[in-house]
Amino acid sequence: MKIKKALYYPIVFIIFLGIFYILNHASVGNLIYPFAFSFMFALCWSNQKPWLVCPAYLIASIIYDYSFASIISNICCVFALIVPYYIHILLKKNIKIWELAIFAGISQLANILFSYFYGQAYYYNIISMVVGIMFMYVSIFILDSFFTKG
């Protein structure tokens with residue numbers, strides 16, 4: 001019994017790592033990449049452990065793109081999930097789904113700012129944020145039925 005429990009978290013971590021790596025490559029027209037960050041938020045909403053989901057997201061994102069701007073943007077994305085999550089735990093209040101959408105939008109601000117300062121088309125990142133929030137809602141309904149309702 002203890003062997004099954006000891007293997008559960010490493011196997012789930014590797015599965016999440018693979019999913020995030022695939023979602024980092026997924027794009028809409030090779031311009032918009034909204035899927036990985038929104039899936040991270042959806043997994044945490046669906047009662048998956050943030051200490052398991054966030055490192056898998058960071059490692060997969062760094063493997064995908066290891067530039068300075070990408071690493072900082074992904075760290076900011078993780079902090080935009082972890083800080084409100086643990087604040088809500090300390091306050092003993094549940095995060096509402098609209099608050100999660102706001103936190104997901106805030107998580108993409110570093111990405112938008114880096115693209116603006118580097119002279120890239122930052123409006124693609126804004127569109128990516130909006131599409132990502134919509135994908136997060138769809139993923140929440142799918143993952144909720146899978147993880148919480150069986």
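Is Leu7 buried, partly exposed or exposed? Leu7 is partly exposed, with a relative accessible area of 47%. Here buried means under 20% relative accessible area, exposed means over 50%, and partly exposed lies in between, with a 1.4 Å probe and protein chains only.

## Basis of the model

This is a predicted model, in which local features need pLDDT of at least 70 and side-chain atom pairs count only at pLDDT 80 or more, while totals for chains, interfaces and linings use all residues. Residues are numbered from 1 along each chain as its sequence is written, and side-chain values use heavy atoms, with hydrogens and water left out.

## Residues of helix 1

Leu7 lies in helix 1, which spans residues 2–25. Helices are DSSP runs (H or I, at least four residues), numbered from the N terminus. Leu7 and Met129 are 122 residues apart along the chain, and their C-alpha atoms are separated by 35 Å.

Val12 is also found in helix 1. Val12 is buried, at a relative accessible area of 12%. Between the C-alpha atoms of Val12 and Leu143 there are 14 Å, and the two are 131 residues apart along the chain.

## The largest pocket

A pocket is found on a 1 Å grid over the protein atoms alone: it is an open set of points where a 1.4 Å probe fits, with protein on both sides within 12 Å along at least five of seven lines, and lining residues have an atom within 4 Å of a point. The volume is the space filled by probe spheres set on the points, which are joined across faces, edges and corners. The largest pocket holds about 630 Å³ of space. It is lined by 26 residues, and Tyr33, Asp65, Ser70, Asn111 and Asn125 are the closest to its centre. Two or more lining residues come from each of helix 1 (2–25), helix 2 (35–45), helix 3 (50–64), helix 4 (68–91), helix 6 (109–117) and helix 7 (122–148). Helix 4 provides the largest share of this lining, four residues. The lining has twelve nonpolar, 13 polar and one charged residues. In these classes, Ala, Val, Leu, Ile, Met, Phe, Trp, Tyr, Cys and Pro count as nonpolar, Asp, Glu, Lys and Arg as charged, and the others, Gly among them, as polar.

Asp65, one of the residues closest to the centre of the largest pocket, lies in the loop between helix 3 and helix 4. Asp65 is partly exposed, with a relative accessible area of 31%. From C-alpha to C-alpha, Asp65 and His25 are 10.0 Å apart in space, and they are 40 residues apart in sequence.

## The second largest pocket

The second largest pocket has a volume of about 290 Å³. Of its 15 lining residues, Cys44, Trp45, Asn47, Tyr85 and Ile95 lie nearest the centre. Helix 2 and helix 4 are the elements that give two or more residues to this lining, and helix 4 gives the most, with four residues. By class, the lining has eight nonpolar, four polar and three charged residues.

## Two residues with positive phi

Most residues other than glycine have a negative phi. Asn47 is not a glycine, yet its phi is positive, about 65°. Asn47 lies in the loop between helix 2 and helix 3, and it is exposed, with a relative accessible area of 57%. Asn47 is also among the residues nearest the centre of the second largest pocket.

Lys92 has a positive phi as well, near 60°. Lys92 is found in the loop between helix 4 and helix 5 (97–107), and it is exposed, with a relative accessible area of 76%.

Ala110 lies in helix 6 and counts as buried at 13% relative accessibility. Ala110 and Cys76 are 6.7 Å apart in space, C-alpha to C-alpha, and 34 residues apart in sequence.

Leu113, Tyr116, Phe117, Tyr122, Tyr123, Ile126, Ile127, Val130 and Met134 make a nonpolar surface patch of about 910 Å². Helix 6 and helix 7 are the elements that give two or more residues to the patch, and the largest share, six residues, comes from helix 7. Met134 is found in helix 7. Patches are made of residues with over 30% relative accessible area and no salt bridge, and nonpolar side chains (Val, Leu, Ile, Met, Phe, Trp, Tyr) are joined within 5 Å. A salt bridge is a side-chain nitrogen of Lys or Arg within 4 Å of a carboxyl oxygen of Asp or Glu. Accessible areas come from the Shrake-Rupley method with a 1.4 Å probe, and for residues only the protein chains shown count as cover.

How values were computed. Patches are made of residues with over 30% relative accessible area and no salt bridge: like charges are joined within 9 Å, nonpolar side chains (Val, Leu, Ile, Met, Phe, Trp, Tyr) within 5 Å.
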